[in-house]
Structure formats: C-alpha cells, structure tokens
Amino acid sequence: MLRGRSLSVTSLGGLPRWEARLPVEDLLLFEVAWEVTNKVGGIYTVIQTKAKMTADEWGDNYFLLGPYFEHNMKAQVEQCEPVNDAVRRAVDAMNKHGCQVYFGRWLIEGSPYVVLFDIGYSAWNLDTWKGDLWEACNVGIPHHDQEANEMLIFGSLTAWFLKEVTDHADGKHVIVQFHEWQAGTGLILSRARKLPIATVFTTHATLLGRYLCAANIDFYNHLDKFNIDKEAGERQIYHRYCMERASVHCAHVFTTVSEITAIEAEHMLKRKPDVITPNGLNVKKFSAVHEFQNLHAMYKARIQDFVRGHFYGHLDFDLEKTLFLFIAGRYEFSNKGADIFLESLSRLNFLLRMHKSDVTVVVFFIMPAKTNNFNVETLKGQAVRKQLWDTAHSVKEKFGKKLYDALLRGEIPDMNNILDRDDLTVMKRAIFSTQRRSLPPVTTHNMIDDSTDPILSTIRRIGLFNSRTDRVKVILHPEFLSSTSPLLPMDYEEFVRGCHLGVFPSYYEPWGYTPAECTVMGIPSVTTNLSGFGCFMQEHVADPTAYGIYIVDRRFRSLDDSCNQLTQFLYGFCKQSRRQRIIQRNRTERLSDLLDWRYLGRYYQHARHLTLSRAFPDKFHTETTSPPMTEGFKYPRPSSVPPSPSGSQVSSPQSSDAEDENEEERYDEEEEAERDRLNIKSPLSLNHVPRGKKKLHGEYKN
C-alpha cells in the first residue's frame, strides 16, 4: 500500500521528472465526461484517442464515467462484470437503490472500462439533488433548462458512485478527472461531501467565451474589461457559468488545453490553470516511409474526378497544375475564420490573374448547413462525366480491337480509317453534351437560407462565381463527407489526404483538431496564433512554415493585415514547385510525433502527480509544486531548401530548372528526418503556467 510512501520531483534536463513512477496498482483513475461513448464534439475525440495510452499504463485500474444512451450502448459497448471489487460494489449498491448503472468495455482502441449512468431513469430524484447543489454552492438551476438539469443528475450520480467506490477502496487512492462544466457538478458535490479523492478539472473551452465569440464581440481585446456576471446573465446562462466556475475553484488541479485558453480561463473563470494539457492523436506510422505520399496521389485523383464533373464545359484549366484547398468544421462563419478566408481568396484570385499564373486553386468549404438536397446541376455534372468516361472506354475498346487485328495480320493500321463515321458521331455528341450555358455552381446543395447564408452572401460580394477567368474556384459542400455520397464518395480522412492544404484561420479555437489531423496525415495547414494548435506549434517548431504549418497572426494585427498575411501564405504556397510540395509534406508528416499521445501523455501524468500531492500531502509530496517553465526543445529550421520560394525575389509562380538543380544539392531527406527524430526524444518542459507572469491579449478584433 501507499501509506507513508512519498514521491518527489526533480528537474532533469529542463524536464520535471518523478523519481519514482506512480504505483498505478495502488491507485484508481476515473475520467468523467458527457462525451464518453457519446459523440457531441471534440472532447469525444480527446477521450477516445487518449484511451489506449491511458489503458496501457493503468490497466484494470482505469475507468471512464459517462451517460447511458441505448443506441450508443448497443453499438459501442460490450457489457461485462467489473473485475475491481470497489467498482463492482458501487455498481451493485446504486442498482439496488433505484438507479440503472451499466458496466462494460468501450469498443475502441485500448478497450477501456466504462461506467454509464441512465439519466432519465434517475430523474425522479432531481428536486432532492437541486437542494444538495444549493446547499453545496448556492447555485440554483431553472426548471426550463433541460440540459443543465440533466448535467445535475449526471453529476449527482457521479458523486454517489465515487462515494461508494471510496467506501470500499481498501486503501487505494482515487484520482478523478472531470472534463468541462457538464461533468463539474460531480466534482462540486464530491468536494462538498469531503470525499477522499484527488480531483482534476479540465476545461476545453470556457462556456462564456464561446457565447461571446459567437456574438462577434471583440473578445481578446477586452478580456480584462468584461463584466462577467452581467454578460452571463444577459445570455441566460448565469447558472451554468456558476457551475463551471465553482468546478474550477473546487478542483485540486485546474488544467486547460492550450496557452491561449489558459489566458481566457484566467479572466473568465478567475483562476490560472495549473497545467496545460495539449490534445493529441493516436499516430499510426506506415511501414513504408512515404506511403502517405502514395495515398495523397491516390485520393487526389478521386477529387480530380469530382472536379471534372463539377466543372464540365468549363474545364479549361490543367488539373495537374490545380491545387485543392479546404476548410472544414462547424458552421461558425466568424469563429472558424471563413470570413477572412473568403476575403483572402478574393485577393489571391487577383494576384494569380495579375501574374498570369497557370496555377488554378479549387477551394472546398466542408461546413454542414440546412439544405433541401443536392442541386440538379451538380448531379448532372457527375452524370455527364460518367457518360463521357463510358463513351471513351467504348471507343477505346473498338479502337483496340481493330489495332489488334491489324497487327496480327502484320499490317500497320491506317489511322484515318481506324475510326469510322459512327465513332466520330458518338464522340461529337459526347462533346456537345459537355456544353453548358450556366457557370459551374458554387454550392453542391440547394440551401434553405440561400439569400442570407453568410458564405454565399460573401461569395456574391467578392464575385467568385467560378467563371473561366477566375484562377480561384469555390465549392461549398454543406454536409459532412461520406463514402456513400453520390457526389463525392469519400470519407473525411480520404478527402484530407487528397488535398494540398487545409486552411483554418479561426478566431476562436481553444485547440484545433482539424489542423492537427492534417499534420498527422502529412498535409500542410494554415492555423492562427489564437488557436491552441497554432500556439503549440509556435512553441515547439522554430520555423513552422518550413514544416508546412502557416500561422496567421490574428492576435496582434488588424483584420486587414491578417487577411493580407493569409493571402501571402496562400500565394507563396501556389508558387511552390511540385518537388517543394513533396518536401514540405515529408516535413509536415514528421511533426506527427509531436502530436502523439505517447508524447503528450506526459502532461496528463504531471497533472495527476500534482493533484495527488495537493489532495494527500502526507502521502505524496513534491520538492517543488511549481516547476519553472523553460522553453524546451524546438524543431530547428531546416538547413536545406526552404519549402516555399516566397522569400525570394522571383515574382513568377514557376521555378526554373536551375533552381530545381540547386534544391537537389541542398536537400537531404534522410539527414533532416534523423535530426527530427533525435529532437522529439529531447527533454521538454511541462507547460506549467508560471505565476505572476503578465499575459498579453489581443489588440484587434479580426
């Protein structure tokens, strides 16, 4: 057992390290979240991808607590009996007292144990639990707020379960991590009842921050000027805000996912986070080093097929010199940066036309919105493409048979006679079928609110209508991608691999999984210094642009300056040669090690060490509970060829043969890769937010 045992922290090479690993066999770890087995947003991705790494470390002493939904239970959970005695007793006790608690394994990588509470089955006790919350923190929940009431039931069941577990823990110490305000009630009630547990509260985005940014308010410039209570009250979320803030202040350790969210939380929730815990992914490496490059070529060909159909009759551009860009996510026009992206595309179109570039840019907006169905013109385009393909194959078969017969006779066929009049007629009819009077549509669906849709309204204002003279073409695809779609039959991962650049110039993005996913797949991306991902890359990569991470400054620049910067990034990308893009994708893919949970898991480990030392100071202690924040390592700027010629004096989008020969001499793929592999193994400080350090916030709303 752990009684009398102490663990100490020392600093080794700039990285605080525990002299002894936590004895997980003497601990129980619980994570509580509304999105356990229940996909709502990004927290589901965090928990799902982190589960394997945590389960491998903690084994049968790791449990996830979440809500029960029948359809999720049937599809994702395999029921079984608890192996741990304390958990088994807790489940049995709650079921005997009128609750429905389910236990099983979540069928994801790592197969972690899950404990799921049926919220509706326990709603009979809601009034009693409202009284408990009022006694604990004087927060009342309105009857009409169904979501908050459900969170109270969930939190009350969580606190009840933890009480039963600690009563039968047999000397084991319990660590509980609560994600977001939805799980916070369980933390408040557990602390009010003085349960012997070590608690961590993680906010992935502040509740009020989301509301304020959605209202298009100058958020980062006025962080220290908001009347928090007034703003929450005006939006009728004051009780939710109080639940979130109480959770933050009740926790032994408060964490958040990024530096920018830490600044936000300090002003919104009035507590500085103790540890920053960046979000990661399960990174799977291919056995063949450049297999991801082959996948890019394969899926790019499928996107090209779609483009052939969508732009039939106007396909006067070279698909081999066409770049595919995309933005994806929730339809939050300003928060996700669609506004600045569209304005930059207008300026990019002007630059490409002015320099008479032969590069064409096709931009996809993958943002779900309300639609009636596919529009007829888009469906017709794919039908025309397929008809042309069938016609070409039919003529090819006939041509091939005549050629084969002639060669068997030992003759060279007369090319003037090998195609007869019928063949020419068929081909002419096929050509006539590709003629269209209208321009290629800018959206693939019939939008319900076409006249007021922000993206379509902006497209009308800037005049990007997919005309022949436009070098930038725009396609709005207002639903999630699916391999069963009759238009673009590709899953999201396949589509991302086939594109050249992901563009996510978000104004409010606490972390940013979309650019992180691009990085893991070896696809360059644009992000901002107002996203957690962008801040993380700025800290760990000396020259992010060289590695395919373009970071737009939306924090200290005006809207127009940020838009110009994004335009220059896009134009520089268009000027790259094919070889430069390949080099850049290689570098981007190598950054995936930075985003692997096997690497980022150390931040969560540090938070658990810290919470144990605060919750049980007589059993666990640290030599320093506030380790200094050091810069740690950075991926160095590659000494070989830069990935973009944008820094050179050459204004032409094309690079010369002489430049390509020079690149060959300067670029050594294996040498760069080996240096980066060594860097990722170097010590890195944990992002412990230093006390008393003054943080700057934005100067402009953009």
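Ser111 sits in the loop that links strand E6 (101-106) to strand E7 (113-117). Helices (H or I, at least four residues) and strands (E, at least two) are DSSP runs, numbered from the N terminus. The model is predicted, so local features need pLDDT of at least 70 and side-chain atom pairs pLDDT 80 or more, while totals for chains, interfaces and linings use all residues. Residues are numbered from 1 along each chain as its sequence is written, and side-chain values use heavy atoms, with hydrogens and water left out.

**Whole chain**

- The chain contains 23 helices and 19 strands.
- Of its 702 residues, 58% are buried. Buried means under 20% relative accessible area, exposed over 50%, and partly exposed in between (1.4 Å probe, protein chains only).
- Accessible surface totals about 29,500 Å², and carbon and sulfur atoms hold 51% of it. Areas come from the Shrake-Rupley method with a 1.4 Å probe; for residues, only the protein chains shown count as cover.
- Among contacts with a separation of 6 or more, 77% join residues 24 or more positions apart. A contact means heavy atoms within 4.5 Å.

**The 9-strand sheet**

- This open sheet runs E5-E6-E7-E4-E3-E8-E9-E10-E11, with mixed pairing. Two strands pair if DSSP finds at least two bridges between them.
- Strand E5 (77-79) and strand E11 (275-276) are the edge strands, each pairing on one side only.
- E6 and E7 run antiparallel and share 5 bridges. Phe103 faces Val115 of E7 across this pair.
- Helix H3 (residues 85-96) packs on the sheet and touches E3, strand E4 (62-67), E6 and E7; its direction makes about 140° with that of E6. Axes are lines fitted to C-alpha atoms, for helices over the stretch in contact, and angles run from 0 to 180 degrees between N-to-C directions.
- Helix H6 lies across E3, E8 and E9, at about 155° to E9.

**Strand E8, inside that sheet**

- All 7 of the 7 residues of E8 (residues 173-179) are buried, so the strand is largely enclosed by the rest of the structure.
- Both faces are covered: His173, Ile175, Gln177 and His179 lie on one side, with Val174, Val176 and Phe178 on the other.
- Strand E3 (residues 27-32) runs parallel to E8, joined by 6 bridges. Here Leu29 stands opposite Ile175.
- Strand E9 (residues 197-203) also runs parallel to E8, again with 6 bridges. Ile175 stands opposite Ala198 in E9.

**The 6-strand sheet**

- A second open sheet has the order E16-E13-E12-E17-E18-E19, with parallel pairing.
- Strand E16 (472-477) and strand E19 (549-552) have a single partner strand each, so one side of each lacks a neighbour in the sheet.
- Twist averages 25° from one strand to the next.
- Strand E12 (residues 322-328) and strand E17 (residues 501-503) run parallel with 2 bridges. Leu325 stands opposite Leu501 in E17.

**Nonpolar cores**

- The largest core has 70 residues; Phe30, Phe117, Phe161, Phe219 and Met268 have the most contacts inside it. A nonpolar core is a set of buried Ala, Val, Leu, Ile, Met, Phe, Trp, Tyr and Cys residues joined through side-chain atoms within 4.5 Å.
- Helix H5 (residues 146-167) gives the largest share of this core, 9 residues.
- Phe117 touches residues including Leu65, Met94, Val101, Phe154, Leu157 and Phe161, leaving out those up to four places away in sequence.
- A separate core of 66 residues includes Leu319, Leu342, Leu456 and Phe569.

- Ile340 belongs to helix H12 (residues 338-354). At 1% relative accessibility, Ile340 is buried.
- Beyond four places in sequence, Ile340 contacts Pro505, Arg554, Leu559, Ser562, Cys563 and Leu566.
- Helix H21 (residues 597-615) has 14 of its 19 residues buried.

**Positive phi in loops**

- Ser111 is not a glycine, yet its phi is positive, about 45°. Its relative accessibility of 28% makes Ser111 partly exposed.
- Lys194 has a positive phi near 55° and is likewise not glycine. Lys194 lies in the loop between H6 (180-192) and E9. With a relative accessible area of 72%, Lys194 is exposed.
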